[in-house]
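Here is a report on one protein model. Please read it with the sequence and the structure side by side.

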Amino acid sequence: MTLVLPGSAQLVSGNRRVGRIALRTFVVLAVVALTAALVSYVWHGVAFWAGTNTLLLQVLRLGLMALAVGWAYLFVDAWRLGQPLTLQRQHRLAIVGVNGFLCFSVAGALLFGAHMVGVQREFMISMFGEGSAVGAHHGRYNVLLMGGDSGAGRWGLRPDSMTVASIDAETGKTVLISLPRNMQNFPFPEGSAMRKQFPDGFDVEGMYLNGLSTWALDHPEVFKGSKNPGVDATIQGVEGITGLKMNYWAMVNLQGFKDLVDAVGGVELNVRQKIPVGLPSDSFFHYIEPGQRTLNGVDTLWFARARYDSDDYSRMARQKCVMGAMLQQVSPQVALRNFEKIAGASSAMVSTDVPRSEVDRFVDLALKAKSQKIATLSLVPPMINTAHPDIALVQQKVAAAIARAEGQKPATEAPAETAEAAPAEDSGDAATEAPAAGSGGAATPVAPATPTTPPAITGGSLGSLSTGYAANQSEDLGAVC
């Protein structure tokens with residue numbers, strides 16, 4: 001009776017006042033839970049709001065703990081009302097066993113629920129701040145996603161990966177716009193702190209887009225009062241290049257990313273060519289063989305980052321394939337099954353300025369995005385010359401990609417300029433021919449080598465360095481990965 005209707009045993013044989021309180025409490029909670037479930041089913045936003053509201057989570061946590069104690073008391077009292085000492089020994093032992101099992105099962109389940117609610121609350125507090133929400137710009141939220149090493153002194157100093165996720169505020173339709181880390185000679189937005197320092201653009205010799213963060217940390221006086229001057233400088237550079245106003249940013253610790261992949265049980269990727277894990281000098285060096293593979297955290301990280309036998313732009317394409325795969329494969333069911341591990345990995349993996357009040361909105365948009373094709377655009381050769389980018393062309397390409405994603409006809413696009421060859425240290429596959437030395441030190445002419453056709457595929461995406469990788473510019477990321 002206590003398992004099915006808590007308090008009913010007391011109404012029949014014990015303290016009726018206790019029974020009435022318990023039964024009424026149970027009925028009220030059952031009605032509230034059923035109503036919340038129905039409303040959440042019809043309007044997902046309610047569930048997302050409840051799961052991200054730290055005050056409500058604390059109330060729920062304390063309520064579950066109190067319910068566990070109260071229900072356990074009712075089981076013990078019901079055992080007493082059954083007068084176990086009047087029963088035969090074997091019956092008495094059976095009743096004690098059954099009652100103990102029910103008591104610990106119900107109370108244990110409620111206390112475990114309270115623990116999980118506490119994990120969610122701590123995750124929200126540690127991951128997200130109390131900052132103010134920023135409204136959508138022209139109907140879209142623009143979030144700068146950065147990936148950086150977690151080595152000593154390197155958290156957030158030189159982001160190796162920069163991608164703008166431009167998300168439709170209503171439909172969740174997403175365009176991933178990636179910027180190469182080696183872009184040079186780009187402007188900053190009017191009125192920005194970096195524009196005052198570099199009115200003619202960021203033309204510091206030997207410094208690239210990913211060096212903005214280091215420059216800002218070396219000149220903190222330019223960003224007085226800022227908690228993240230390196231991020232602020234990078235955002236201003238990205239805004240100057242793309243013409244988009246950023247709403248929020250997130251910095252992903254790439255070493256911690258592998259823990260997230262492991263927490264969800266790995267990620268399935270289409271490996272089109274063998275990808276090296278580590279460098280040949282590493283003891284753990286091996287290759288990820290071609291085929292449909294479910295990769296663990298370490299292999300997924302190297303799939304997204306490897307440049308050995310490859311190049312920066314292939315790596316950018318593979319990173320997009322990983323993003324798309326994670327979005328599609330981490331379902332709410334997977335998240336619930338691995339919630340505690342995901343929460344622990346995520347809080348150690350991501351730093352962001354998205355406020356807690358906006359998390360429910362982005363969860364809703366993410367679920368909408370799962371059912372749609374993801375469009376991509378990468379500002380890389382052969383379309384864009386990264387050493388001397390045509391910013392007008394860049395912003396035209398960005399506007400056109402967003403227009404197509406919204407189902408609009410883009411304005412007439414200018415023809416893409418021919419990009420100069422990327423530096424050897426960045427492309428990773430450029431070769432230099434040296435003349436052979438003859439007798440007496442004179443150079444002997446050597447016939448030019450016959451150029452070889454680049455491979456049709458590299459890693460996770462169709463394409464090549466000379467023709468461009470399909471994942472870097474596509475209307476359907478899943479189809480080209």
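Threonine 386 sits in the loop between S10 and H15. Helices (H or I, at least four residues) and strands (E, at least two) are DSSP runs, numbered from the N terminus. The model is predicted: local features need pLDDT of at least 70, side-chain atom pairs count only at pLDDT 80 or more, and totals for chains, interfaces and linings use all residues. Residues are numbered from 1 along each chain as its sequence is written, and side-chain values use heavy atoms, with hydrogens and water left out.

Is threonine 386 buried or exposed? Threonine 386 is buried, at a relative accessible area of 5%. Buried means under 20% relative accessible area, exposed means over 50%, and partly exposed lies in between (1.4 Å probe, protein chains only). Residues up to four places away in sequence aside, threonine 386 touches Pro180, Asn182, Met183, Gln184, Tyr313, Leu379 and Pro381. A contact here means heavy atoms within 4.5 Å. Arginine 181 is 205 residues away from threonine 386 in sequence, yet the C-alpha atoms are 9.1 Å apart.

Proline 382 belongs to the loop between strand S10 (375-378) and helix H15 (391-405). The peptide bond from proline 381 to proline 382 is cis, with omega near 5 degrees.

**The cavity**

Rolling a probe the size of a water molecule over the atoms shows where empty space is left. A cavity is a set of points, on a 1 Å grid over the protein atoms alone, where a 1.4 Å probe fits but cannot get out; lining residues have an atom within 4 Å of a point. Grid points are joined across faces, edges and corners, and a volume is the space filled by probe spheres set on the points. By this rule there is 1 cavity of 30 Å³ or more. The largest cavity holds about 100 Å³ of space.

Its lining consists of Asp160, Ser161, Met162, Thr163, Ser178, Leu179, Pro180, Arg181, Asp312, Arg315, Met316 and Gln319. Strand S2 (161-168), strand S3 (174-179) and H11 are the elements that give two or more residues to this lining. H11 gives the most, with 4 residues. By type, the lining divides into 4 nonpolar, 4 polar and 4 charged residues. Ala, Val, Leu, Ile, Met, Phe, Trp, Tyr, Cys and Pro count as nonpolar, Asp, Glu, Lys and Arg as charged, and the others, Gly among them, as polar.

**The nonpolar cores**

A nonpolar core is a set of buried Ala, Val, Leu, Ile, Met, Phe, Trp, Tyr and Cys residues joined through side-chain atoms within 4.5 Å. The largest one has 56 residues, and Phe257, Phe303 and Phe362 have the most contacts inside it. Helix H11 (residues 312-329) gives the most to this core, with 7 residues. Apart from it lies another core of 40 residues, including Leu179, Phe186, Leu209 and Met383.

What does phenylalanine 257 contact, leaving aside neighbours within four places in sequence? The partners of phenylalanine 257 are Val252, Thr300, Leu301, Val322, Met326 and Met349.

**Pairs across the sequence**

The table gives further C-alpha distances.

| Pair | Apart in sequence | C-alpha to C-alpha |
|---|---|---|
| Asparagine 228 and serine 213 | 15 residues | 9.1 Å |
| Glycine 463 and serine 314 | 149 residues | 8.6 Å |
| Leucine 111 and leucine 64 | 47 residues | 6.6 Å |

Asparagine 228 is in the loop between helix H7 (212-218) and helix H8 (229-242). It counts as partly exposed, at 32% relative accessibility. Glycine 463 is in strand S14 (residues 461-464) and counts as buried, at 13%. Leucine 111 is in helix H5 and is partly exposed, with a relative accessible area of 43%. Beyond four places in sequence, leucine 111 is in contact with Met65 and Ala68.

**Positive phi**

Glutamine 83, a residue other than glycine, has a positive phi near 50 degrees. It is found in the loop between helix H4 (54-81) and helix H5 (89-127). Histidine 138, also not a glycine, has a positive phi of about 55 degrees. Histidine 138 lies in the loop between H5 and strand S1 (140-148) and is exposed, with a relative accessible area of 81%.

**The whole chain**

The protein has 17 helices and 16 strands. Buried residues make up 44% of its 481 residues. Among contacts between residues at least 6 apart in sequence, 67% join residues at least 24 apart.

Methods: 1 Å grid on protein atoms, 1.4 Å probe; cavity = no way out; pocket = protein on both sides within 12 Å on 5 of 7 lines; lining within 4 Å.
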